[in-house]
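Here is a short briefing on a protein model. Look at the structure first, then read the points below.

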Amino acid sequence: MTSQSAVLVGGGHNGLVCATYLARAGYKVQILEARETVGGAASTISFAPGYQVSGLAHILHSLSPKVCRDLNLPGAGPGPWLAIDTISLDRQGHHLTLGENSVSGQGLSDKDLKAYPAFKQEFLSYAEALEPLMMNKPPRLKDMDLKDKLTLARLGWKLRFGLGAGSMREFLRVGGINIFDVLNEIFDDERLKGAIATDAIIGHHMGPRTPTTVLTYLLRLRGEIGGAAALPLGGMGQIARMLSESAQKAGVVIRTSARVKRILVDDGRASGVELETGELVNADLVISNADAKNTFLNLVGTQELDAMFARRIHTTRTNGNVAKIHLALNGLPSIEGLSTEQLSQRLIVAPSMRYLEHAFNHAKYGEYSEHPVLEITIPSITDPELAPSGHHVMSICASFAPYHLKNGWQQDDLQTGLQPDLQNRLQEKERFLDKVTALISDYAPGFASRVVASQILTPVDIEAEYNITGGHWHHGEMTIDQSFMMRPVHGTAQYDTPIDGLFLCGAAAHPGGGVTGIPGHNAAQRILAMGAR
Amino acid sequence: MAGQSWEKTMEQTSESQRGEAHDFRQVLKHSPFHVRVDDISQIKSWSSWNGYQTARCYDTLASEYFAIRSSCSVMDLTPMEKYRISGPDANRFLSRLVVRNISKLRVNRVTYVVWCNDDGKVLDDGTIFRLAESEYRLCSQHHQLDWLLISSLGMDVNIIEETHDVAALSVQGPTACAVLSEAGIEDLGQLKPFQIMQTTMLGFELTVSRTGYTGDLGYELWTGTDNALKLWDTIFGVKARGLYDVKPIGLEALEIVRVEAGFILPGDDFNTAETTVRAEHDRSPFELGLDWLVNFEKGYFTGKRALRREQGNPIKRRLVKLKVEGNKPPTDSFLYDAKNGQRIGTIKTNIWSPILKANLTMADIEYKQGKAPGDIWAEIYYQKELEWRATWAQCSVSEEPFWSHPRRTAKPPAMY
């Protein structure tokens, strides 16, 4: 046991996980959270009186089973969440349903029907081969320690003998290329390819033709290893509540509405934090759940860092590209060919890869998509408490809505130096919201009249509300150059940082975003292994 | 937000970079002194120094060397990289940039500095001139704008490259003070080493610093490019009046005196970190014998963590001032720990010092258990009537500059 103290900057889901592990190991742990609730991107919010919804992340792609076991969460096994399939909407009503191992839908060829399970199995095995990398610190390639060597050895073993020679060769072929080429090799149906490719690009600044979209697809698939995608009952905030209870049981002190202004560094060593109120909190360790830019450039300050390290952090790509939209509905939308049960699944608007690519094209030039890609859930169908009786809530992730919108998202958002007329800028958010509503109406006639209240969070709003630089819900693009031993950048990819006693534990660290608890778990392991250093 | 100030700096700098259109047929840039330099040059021996057409030698090397050591020499210093650094965080910025503690650098003082990359390897050396409370000039050997901008992230500082906007002359030698006083610079005798004064001359503003690269008395003069020719003509007017000899000198003579004075030259004596590709081919301040510059007491600076780690280990190699016996030029010679012994290094720069009658060099040698080898020998290849021969010469490390003169710091300097 140790008598060391640790303070966490931010109490997101990863921060809660990390804090719990440390408290159980004897650390005196305190979480300082700027917002009124812990959980970070895992939250349930009320956006209109009586309507509740997951505030940011809305679909659980598996909390790490190991974290669930270790923290005695009810999630070890079937948890307080409902597994859902993906339904890709079609204007003619020929919707596709994509399950873990099967796909169904009118008009699919026998070839595609057969190819899908084989494809999923193959790609799940790739995702699984990467698993040794996931629950450990990413190995350094220079000056490896024993653990790094073990991780690499297990990765090599999994790739060579887990996959077998043929699959390994195929994995190495597709690992760095784009999902567009891969899916075109395997499938014919445009709807099917669009639906699968959505998983490769959603949340990223990428289209299906962007290199390394196979990797982002694998990172998404790895969630399925622990179970299918699911909707948490009570919204994502329930996950935060579970984790928070577990943390408090372990002795973690949680302080909300306690915004950290500065991480104190004393001769190269973190010594505590200063709150916005001026209050100083000293600690032996400071663990940041904030994103890397916020942690290093804002809270620590470039003054305490090597110049090139600061620049590497500065140049990471962290601009969000998704708007989160919440709609209060006075009744269920009716989509031709979908039952109420089917409406409770994950619905996507992604009719083809061409559609996705065109949607992305706008983002390249600082515009929102003319025809956005949507990921829709209506959690109130299975969880009626989220909305007044007979009413529903709809949660939408709408891509693409770039952080740097050419015309600016709002009045004080002068990112580009252009001077469009003020009125225009004030309306951009509303316009995008209208576009999304209109798009859904194409599938659900009369939908617009069902909407009784709405909220749209652009990346700029997400940045302000959730304290995430750029409003990127993964704390930075999960491209190959920002993953593994380069996440967030080399030099701080093993949870420790150039500042002694300062650690990263959030999605900015390996293996990145998603409500998985893995970065928090890995950071805690790293801190415990490093001891007092 | 940090990011915005960064982009702002980039814009400002690129604005000042554009300048007027450049004639593509003129490969090397002409300094504002060029018409005079070209006129005096007898042998038209040119070299590129930071892209400027620079005289290597005007007529004979010996006469230029002895002008520096025994009378008054003038060199066009315009091509030296110059940056104007200002703004509320200027001091904080420079403090984080360089390894030396500059917090005590007063206004109108100059100091010598080096700066490192994250790994504590030297990128370049130079001098910082504190011109006003938060206004500095940084002079460097190589182009550093990109590194300065990288280092400015998160700091409220303006960085402007002014290499092309400031005409500079280096006036060095025993009679430098006398010549410049005759040329009309008042109160020059009061100027202390590494001190700056602002003055006017013939109605234009002139900055004078008592600095140089020769180990002797000398001054550097800084003014707007429009005043360049007036400045040149006034100084050479002292010679025309028959009072003192004043001689323009080129890069070759400078090379001799700077080695005599023990000044290192990044890029020649050691590989700068930015241009290094191979592992261990870059050098830390410790490996350059500049440990006296590194201050661990001050706040954080780039490379501090790496240098602190390195400080704990015995030094593996060092750039040393090495005197080589005999009169055969040890150009690019290998060095050994005994005659026919183990190879321990190479000579980077060598000159024949007329004033000391000795082969003086800058050499990179391996240390053993943190110490210089006791016995060092150079294997010298030399030609006699086109026939190559080899010989051995014993070497000795000098911790002090090979040559220095009390004149360098005398106040006031003798007027001769």
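Chain A holds 17 helices and 20 strands. Here helices (H or I, at least four residues) and strands (E, at least two) are DSSP runs, numbered from the N terminus. This is a predicted model: local features need pLDDT of at least 70, side-chain atom pairs count only at pLDDT 80 or more, and totals for chains, interfaces and linings use all residues. Residues are numbered from 1 along each chain as its sequence is written, while chains are lettered from A and ligands numbered from 1 in the order in which they are written.

**Overall form of chain A**

- The radius of gyration (taken over C-alpha atoms) of chain A is 22 Å, close to the 24 Å from the globule rule for 533 residues, so chain A is as compact as a globular protein of that length.
- That rule is 2.2 Å times the number of residues to the power 0.38.
- The C-alpha trace of chain A spans about 65 × 60 × 45 Å along its principal axes.

**Inside chain A**

- Of the 533 residues in chain A, 56% are buried (20 or more other C-beta atoms within 10 Å of a residue's own, with C-beta atoms placed from the backbone).

**Where the chains touch**

- Chain B gives 16 residues to the contact and chain A gives 15 residues (two residues are in contact if their C-beta atoms, placed from the backbone, lie within 7 Å).
- On the side of chain B that touches chain A, α1 (2-18), α4 (90-97) and α5 (145-151) of chain B each give two or more residues.
- The largest share of that side, three residues, comes from α1(B).

How values were computed:
A residue is buried if 20 or more other C-beta atoms lie within 10 Å of its own, exposed if 12 or fewer, and partly exposed in between; C-beta atoms are placed from the backbone.
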